[in-house]
Amino acid sequence: MGRYVIRRLLQMIPVFFGTTLLIFLMVNVMGDPIAGLCGDRQCDPATAAQLRSEFGLDKPVWQQYLTYMGNLFTGDFGTAFNGQKVTELMATAFPITIRLTIVAIVFEIVIGISLGVVTGLRRGRPVDTTVLILTLVVIAVPTFVTGLLLQLLLGVKWGIIKPSVSPDPTFDELLVPGLVLASVSLAYVTRLTRTSIAENARADYVRTAVAKGLPRRRVVVRHLLRNSLIPVVTFIGTDVGALMGGAIVTERIFNIHGVGYQLYQGILRQNSQTVVGFVTILVLVFLAANLIVDLLYAVLDPRIRYA
Amino acid sequence: MPEPQTPDEAISQAGAGGATDLAMEEGTSLEKTPGGPEGTGPAGKPRSLWSDAWRDLRRNPVFIISSLVILFLVIISIWPSLIASGDPLQANLDDAQKGSEPGHPFGFDPQGRDVYTRVVYGTRTSVTVGVCATLGVALLGSLLGGLAGFFGGWWDSILSRLTDVFFGIPVVLGGLVFLSVVTSSTVWPVVGFIILLGWPQIARIARGSVITAKQNDYVQAARALGASNSRMLLRHITPNAIAPVIVVATIALGTYISLEATLSFLGVGLKDPAVSWGIDISAAANYIRNAPHMLLWPAGALAITVLAFIMLGDAVRDALDPKLR
Amino acid sequence: MLLEVRDLHVEFHTREGVAKAVNGVNYSVAEGETLAVLGESGSGKSVTAQAVMGILDMPPGKISGGEIVFKGQDLLKLKGEERRKIRGQEMAMIFQDALSSLNPVLTVGEQLGEMYVVHRGMSRKDARAKSVELMDRVRIPAAKERVGQYPHQFSGGMRQRIMIAMALALEPSLIIADEPTTALDVTVQAQVMDLLAELQRELNMGLILITHDLGVVADVADKIAVMYAGRIVETAPVHEIYKAPAHPYTKGLLQSIPRLDQKGQELYAIKGLPPNLLHIPPGCAFNPRCPMAQDVCRTDVPPLYEVDEQRRSACHFWKETLDGR
């Protein structure tokens, strides 16, 4: 197990540097990294040149990348467009997005898995068909449309929620945004659980469980569910990273000042340090989530051995 | 299993299953290796898979409806003037945000342009982006993935790491960074971006199915009989590996249309003189309180289009994967 | 009589039509007696057993007629919950492939102990102790240590012993073994079969042994029922059938066993394929493959003729077959 973890960590190193380098190059192609550094004004040419050499921007891109990464590892993420430290921005933005992601994941688990189990056990019945069509509709309607519609209906028309949330939102303020963020993944979780349940329901060991005279509830919960949830857990695990990175749209619609908002601002103001810094953390979260999922696999499925 | 329990099961075992999930979002795609064919001969298998699938599809109402919708969308994206006589760019600020009136069934947008005409012309953008991006992704992805799966070795290792790198980048985020410098109002930067970030998904699937196909006994037998690499690829492996790619590509087409609209909504996809549902929805979002019609029509058109492609892909998947009937 | 199956009919409703898997099967088992049910894949032997156990998949399966009388009551008239309590306690089943029939993510101790927890209301600790006892009984070495292991950590023979242990846990009066040794190595087959036979004698259980292996049958069975296309074509005490079969199908089966004293001769094979259950041939289902078929065989379904007090044969020409003509 320990050796497997080490091997996986080693494998992650090229992926980590590859991904961050890719983003770094994109951001550099994107525009002038010092444009944002003089606040909202244009920098005068002399200051600009000085800043350039100060930040090493006159050096080749690969050297800049190495310097930036070097700084990163000492905890220096650079400065945002408004002069704030990027790390300070992170300290306020990440807790909000993490809260939003938790709400979304809870929705995925509770609603997605329940619907998947119900439909998987009643394949071909009206409930199944209805839910299946609903999931397709949810997948088909882009998140920003779902978000705007819910905002229009719940926020504007019926006044059930506030159309946008406070600067430091609580969990209950994030319920509707979390649902919007989760919507597409929730539909996938439902379908995945359904497929998995339906496949496993035909498995020999389920037939054995029935032949043993176990009550139906026990057959489903103890024998069927445990095996069927293995792929679902994998999906939800890897989804953590995707949700945090994909929160941009949701955060924009509901005006949530989380990671997505800061990234959006960073991109608009062409502040490379904000963008690269945030993306680096997101990539780390994504890689960590993948590793945890792999290890969880061994816990859920004893047949898997890590050598 | 002792003897085929039910005739149904025996029948369903005859076809090979390309079990590919409807998981589309970058980094969340769960790859399932398709099961190999059981008990059927090499020559009859691909043909019967496709003809079985076709027989199934013809009877599936979801397939028929989604095909008709897509046919309609393609026709009006080629000849939008068939059903809309106006000019999508003609603006009259006096009409701004007005609701439905004779000759203008969907009303006007914030700049006084006819919403109906814009919705019709927006089809062209969406269909073009979807079709071009999917073709690019499918060709590039299956080529790279297929070769990696077939030849293995260092090429395979590099490709695997490379797909890992691309999967690590959240799509919308990548789009924001990559497209925010682009000033062109054509669809090509968006198409290029989708191909750039989309190919690893197809590559993984193509790689997986080629590896599975390669391990089939009859392919091994062909190799033992001295079949050349090119013959094996064309005759034995491609027919087996192509089904999952087609299924995923069809569903992906829908999500690419949705992605274009999302990027345009965020202001980095297509830019203003272009006609796109995403742009219109973005513009309408600010007036959601007073003039929701400006939002609902393009949003509805977008949803129906994406839904049609996803349902088509879903129906094709069900037909090609008889394991789950 | 412990179990009597009377005129049982089972159908499967598939897209292609109604498959008649079991068409009027009669057989019986007494306490301590072993009935071997012999037949090819698709002969309905497993389906009949699943109907007796009450684990038939319904739908697509449907019991369209007959009675299953167990200890004097018709199981088909019982409610689901009453039926469930019989399973595991009164009758138990051993499946062919122990690896797929055991739950891969639960330890064998959990799976064995579950019988006691559910049916006897024991604590998990006591159930675990009972599991160790059971494993000792089926002679699994180091039972105390291995009780916490998972199925994949055992060898094929040991896994099948665990299946046997699970079936015996509550000392049922009837065991149905569906090809219990087919998946095992030849050397292990004999050990497992001997163990099963020994435990059966000890507990005086009825045993239905489903198999297509005539070699297994000769050693352990008291009587044989040969099935073809969902019907019993011949029943007889085990030794008589070997001496002189009274149905051409049985004869064909016996002739197709390789024998040492006939080394060098070409092995006999029954020509043709088992019938399609969607379209069972009219008359005697075996007539297209039968070397003795006459016109009457293509029109009239043969009844079960009484050969002698203990023997029945569903062949119009049973006399001729018996005489070896």
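Mentor: Two strands pair if DSSP finds at least two bridges between them. The model we are looking at is predicted.

Trainee: What is the order of the strands in the open sheet of chain C?

Mentor: The order is β6-β7-β8-β3-β9-β10-β12-β11 (chain C), which makes 8 strands, and the pairing is mixed.

Trainee: What makes β6 and β11 of chain C stand at the edges?

Mentor: β6 (91–94) and β11 (305–308) of chain C each have a single partner strand, so one side of each has no neighbour in the sheet. From one strand to the next, the twist averages 20°.

Trainee: How do you know that β3 and β9 of chain C pair?

Mentor: Pairing needs at least two bridges. Strand β3 (residues 34–38) and strand β9 (residues 223–228) of chain C are joined by 4 bridges, so they pair, and they run parallel. In β9(C), C:A225 is the bridge partner of C:V37.

Trainee: Which strands does helix α1 of chain C touch?

Mentor: Helix α1 (residues 45–53) packs on the sheet and touches β3, β6, β7 (174–178), β8 (206–211) and β9 of chain C. The direction of α1 makes about 150° with that of β7(C).

Trainee: Why is C:I176 called buried?

Mentor: A residue is buried if 20 or more other C-beta atoms lie within 10 Å of its own. C:I176 has 29 such neighbours, so it counts as buried. C:I176 lies in strand β7 of chain C. Leaving out residues up to four places away in sequence, C:I176 touches C:A49, C:V52, C:M53, C:M91, C:M93 and C:I208.

Trainee: Why is B:D95 called partly exposed?

Mentor: Partly exposed lies between the two cut-offs: 20 or more neighbours is buried, and 12 or fewer is exposed. B:D95 has 16 C-beta neighbours inside 10 Å, so it counts as partly exposed. B:D95 is in the loop between α3 (61–78) and α4 (115–151) of chain B.

Trainee: Which residues does B:D95 touch, not counting residues up to four places away in sequence?

Mentor: They are B:F108 and B:G112.

Trainee: How many residues of chain A are in contact with chain C?

Mentor: 19 residues of chain A are in contact with 23 residues of chain C. On the side of chain A that touches chain C, α8(A) gives the most, with 6 residues. That side has 8 nonpolar, 4 polar and 7 charged residues.

Trainee: And how many residues of chain B are in contact with chain A?

Mentor: Here 42 residues of chain B are in contact with 51 residues of chain A. The helix α11(B) gives the most to the side of chain B that touches chain A, with 9 residues. By class, that side has 28 nonpolar, 7 polar and 7 charged residues.

How values were computed
Residues are numbered from 1 along each chain as its sequence is written. Chains are lettered from A and ligands numbered from 1 in the order in which they are written. This is a predicted model: local features need pLDDT of at least 70, side-chain atom pairs count only at pLDDT 80 or more; totals for chains, interfaces and linings use all residues. Two residues are in contact if their C-beta atoms, placed from the backbone, lie within 7 Å. Helices (H or I, at least four residues) and strands (E, at least two) are DSSP runs, numbered from the N terminus. Ala, Val, Leu, Ile, Met, Phe, Trp, Tyr, Cys and Pro count as nonpolar, Asp, Glu, Lys and Arg as charged, and the others, Gly among them, as polar. Axes are lines fitted to C-alpha atoms, for helices over the stretch in contact, and angles run from 0 to 180 degrees between N-to-C directions.
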